[in-house]
Amino acid sequence: MRGLVLSGGGANGAFEVGALQHLIGFKKIHYDVICGVSVGALNGAILAQYPKGKEAEAVDHLVNIWDGVCRDSDIYKKWYWGLLGLLPAAWKGSAYCTDPLKHIVQEHLDPARLKSSGKKFRVGGVCWNTGEYRLWGERNADIVNGVLASSAFPLFFEDIPIDGFWYTDGGLRDITPIKAAIDLGCDRIDVIQCGGPGVKQVKGKPGIVRKGLTMMEILLDEVDTCDYEKAEMINKLVLAGAPPSGKRLIELNRLQPSGLLGDSLDFSEERKIKNMKLGKRLAMALGW
């Protein structure tokens, strides 16, 4: 069983789209399982709605959505204009209003199609109330909210209420959900990660927004590295004849840029096109 794992990365999810144009759109690779977190949950949800044999249509749908994203305001906006723009964050719980993103997800994600596509799908979010990591799948009635919760960039995007609890980006615990794909029975997993290690360098004293972004970049980079290295370590133990209980050898393929792609909240047209082209170019160079 072959699985696709899409990492988080905000606006850098355009890199995933470019790679998927080649892997799914051109090579027609069929994935039985799709797992994603954050922007990977958004991208994966669109793809997972299409059954086997409809790979080209799936990618076209995803590309069409991203074609409509040309500026930050297509995804999020300030609560108010002017100097009071960020002030409501004190009582609303997030720096920005994400109504535009909610509209995109609600318009393009059909739970019935997701359930009937024949694909297994998982997204993850973290509960602010308990700190626990929760997965949603193709059969969950609240899968739309699950995708929104998984993509709720911590502190910056609105938290999502589900069953009396508040949820945020699953990347806080599992930004590259390889374990979910393994647990669903995958023996071959293609992983697409949205960025290389490190954080964006800035000159001078950073403002509060930049500090928040840098804090999240450091945290998510650390989680991202640990997720993949944990899976590699299990493979090494299996090959050495000392497999952890219940673990098996998994073929892991990884696509990742060598450096940073840019700010996670920069949804400008120029950045999007650049990262999509890079993703497609690197995917074409692979032997998958």
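These questions and answers cover a helix pair and several salt bridges in a predicted model.

Q: Why is H1 called roughly parallel to H2?
A: The axes of H1 (residues 13-26) and H2 (residues 39-47) cross at roughly 30 degrees. Angles under 35 degrees count as roughly parallel. So H1 is roughly parallel to H2.

Q: How do the axes of helix H1 and helix H2 come to be described by both an angle and a distance?
A: Two packed helices are described by the angle between their axes and the distance between the axes. Here the axes come within 10 Å, and the crossing is at roughly 30 degrees. The crossing of H1 past H2 is right-handed.

Q: What makes the contact between H1 and H2?
A: H1 supplies Gly13, Glu16, Val17, Leu20 and Ile24. H2 supplies Val39, Gly40, Asn43 and Leu47. By class, five of these residues are nonpolar, three are polar and one is charged.

Q: What makes Arg134 and Asp142 a salt bridge?
A: The cut-off is a side-chain nitrogen of Lys or Arg within 4 Å of a carboxyl oxygen of Asp or Glu. The closest N and O atoms of Arg134 and Asp142 are 3.4 Å apart. The pair therefore qualifies.

Q: Why is Asp142 called buried?
A: Buried means under 20% relative accessible area. Asp142 has 19% relative accessibility, so Asp142 counts as buried.

Q: Why does Arg134 count as partly exposed?
A: Partly exposed lies between the 20% limit for buried and the 50% limit for exposed. Arg134 has 22% relative accessibility and therefore counts as partly exposed.

Q: What parts does the pair of Glu251 and Arg188 tie together?
A: Glu251 and Arg188 meet in a salt bridge at 3.4 Å, N to O. Glu251 lies in strand E8 (residues 251-255), and Arg188 in strand E7 (residues 188-192). So the pair ties together parts that are 63 residues apart in sequence. Glu251 is partly exposed at 40%, and Arg188 is partly exposed at 22%.

Q: Are Asp266 and Arg271 buried or partly exposed?
A: The limit for buried is under 20%. Arg271 has a relative accessible area of 13%, so Arg271 is buried. Asp266 has 25%, so Asp266 is partly exposed. Their side chains meet in a salt bridge at 3.1 Å, N to O.

Q: What joins Arg134, Asp142 and Asp163 into one network?
A: Salt bridges that share partners join these three residues. A search of the whole structure finds 11 salt bridges.

Notes:
Residues are numbered from 1 along each chain as its sequence is written. This is a predicted model: local features need pLDDT of at least 70, side-chain atom pairs count only at pLDDT 80 or more; totals for chains, interfaces and linings use all residues. Side-chain values use heavy atoms; hydrogens and water are left out. Axes are lines fitted to C-alpha atoms, for helices over the stretch in contact, and angles run from 0 to 180 degrees between N-to-C directions. Helices (H or I, at least four residues) and strands (E, at least two) are DSSP runs, numbered from the N terminus. Angles under 35 degrees count as roughly parallel, over 145 as roughly antiparallel, 65 to 115 as roughly perpendicular and the rest as oblique. A crossing is left-handed if the near helix is turned anticlockwise from the far one by less than a right angle, and right-handed if clockwise. Contact means heavy atoms within 4.5 Å. Ala, Val, Leu, Ile, Met, Phe, Trp, Tyr, Cys and Pro count as nonpolar, Asp, Glu, Lys and Arg as charged, and the others, Gly among them, as polar. Buried means under 20% relative accessible area, exposed over 50%, partly exposed in between (1.4 Å probe, protein chains only).
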